[in-house]
Amino acid sequence: MALEQDQRISDVVKREQSRLRNFIRRRVPDPRDAEDILQDVFYKLVEANRLLMPIEHVTGWLFRVARNRITDLFRKQRPESFSDTAVALDGDELLQLEDLLPSPDAGPEALYTRNLLLEELELAVDELPEEQRDVFVAHELEGRSFKEMAAETGVSMNTLLSRKRYAVLHLRERLQDIYDEFTKA
């Protein structure tokens, strides 16, 4: 019985590993994180099988577990990235991005405002051309250096700097109205 289970798991891993790895790698920039997620998904499969949990559609189940693990990874990383990002004010005083947002503990109105601002920021980043968005996200949110990105992609550092500059200009313009609205209030 246990040998049959092991063989079925082995067959599923062989059949789905490549597709699942590609699915994860398209969504997770760090290859080490992608590999960790892949291993975790297969671990969950073995665990579910050992606990005799019925899984009707194994492929769909694997991809759902992978999607959940990817979401967990980004939830864990996103707040750290925002709190590490500093904004320079007029007097050269550095302010953390987290300081500019209303506290989530300040009541329902502040929480609503915070979520609205984060949604607007996300929409603005999503509007960027892919090349600009990739550089902006990699540098500002993931903390990667231009030198590292240039070595990885083969794109010159000057081109990467230019792409980020255009991304920042677009984001400033795009978010100016909402900034004005909240600073006047």
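1. A contact here means heavy atoms within 4.5 Å. Among contacts between residues at least 6 apart in sequence, 52% join residues at least 24 apart.

2. The model is predicted: local features need pLDDT of at least 70, side-chain atom pairs count only at pLDDT 80 or more, and totals for chains, interfaces and linings use all residues. Residues are numbered from 1 along each chain as its sequence is written, and side-chain values use heavy atoms, with hydrogens and water left out.

3. Of the 185 residues, 28% count as buried. Buried means under 20% relative accessible area, exposed over 50%, and partly exposed in between (1.4 Å probe, protein chains only).

4. The count of salt bridges is 14, a salt bridge being a side-chain nitrogen of Lys or Arg within 4 Å of a carboxyl oxygen of Asp or Glu. One of them pairs Arg19 with Glu16 (3.7 Å, N to O). These two residues are 3 apart in helix H1, about one helical turn. Arg19 is partly exposed at 48%, whereas Glu16 is buried at 3%.

5. Arg144 is buried, with 15% relative accessibility. Arg144 forms salt bridges with Glu148, at 3.4 Å between the closest N and O atoms, and with Glu152, at 2.9 Å. Salt bridges with shared partners join Glu142, Arg144, Glu148 and Glu152 into one network. Glu148 is partly exposed at 38%; Glu152 is exposed at 55%.

Technical notes. Helix = DSSP H or I, 4+ residues; strand = E, 2+ residues; numbered from the N terminus.
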